[in-house]
Amino acid sequence: SIAWDPGAGKDHVAYVEGVSSDGLHVTLSEYNELFYPGQPTTGDGLFDLRTVSTSAYKYIHVKDL
């Protein structure tokens, strides 16, 4: 699945690597989180792997072929 954060003009997406057994957290792989070229930023634009609450994102599910 693809995690999507449409909030506050971010439109950030990340790949869902896994979901916790209780369904409350997802592990995401991503680039450029919190990185905005030419603007104040807190991210470095590099690859990141992190675990967040499932409620932090909306999800796009892609059908397996």
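Of the 65 residues in the protein chain, 22% are buried (under 20% relative accessible area; exposed is over 50% and partly exposed in between, with a 1.4 Å probe and protein chains only). Keep in mind that this is a predicted model, where local features need pLDDT of at least 70, side-chain atom pairs count only at pLDDT 80 or more, and totals for chains, interfaces and linings use all residues. Residues are numbered from 1 along each chain as its sequence is written, and side-chain values use heavy atoms, leaving out hydrogens and water.

**View 1. The chain has five strands and zero helices.** Going along the sequence, you read β-β-β-β-β. Both kinds of element are DSSP runs, numbered from the N terminus (helices: H or I, at least four residues; strands: E, at least two).

**View 2. Contacts and surface of the protein chain.** Take contacts (heavy atoms within 4.5 Å) between residues at least 6 apart in sequence: 36% of them join residues at least 24 apart. The accessible surface is about 4700 Å², with 57% belonging to carbon and sulfur atoms; areas come from the Shrake-Rupley method with a 1.4 Å probe, and for residues only the protein chains shown count as cover.

**View 3. Arg50 and Glu30 pair up in a salt bridge.** Their side chains meet at 2.4 Å, N to O, and the count of salt bridges is one (a side-chain nitrogen of Lys or Arg within 4 Å of a carboxyl oxygen of Asp or Glu). Arg50 sits in strand S4 (residues 48-53) and Glu30 in strand S3 (residues 25-30), so the pair ties together parts 20 residues apart in sequence.

**View 4. The two partners, one by one.** Glu30 is buried, at 2% relative accessibility. Arg50 is partly exposed, with a relative accessible area of 24%.
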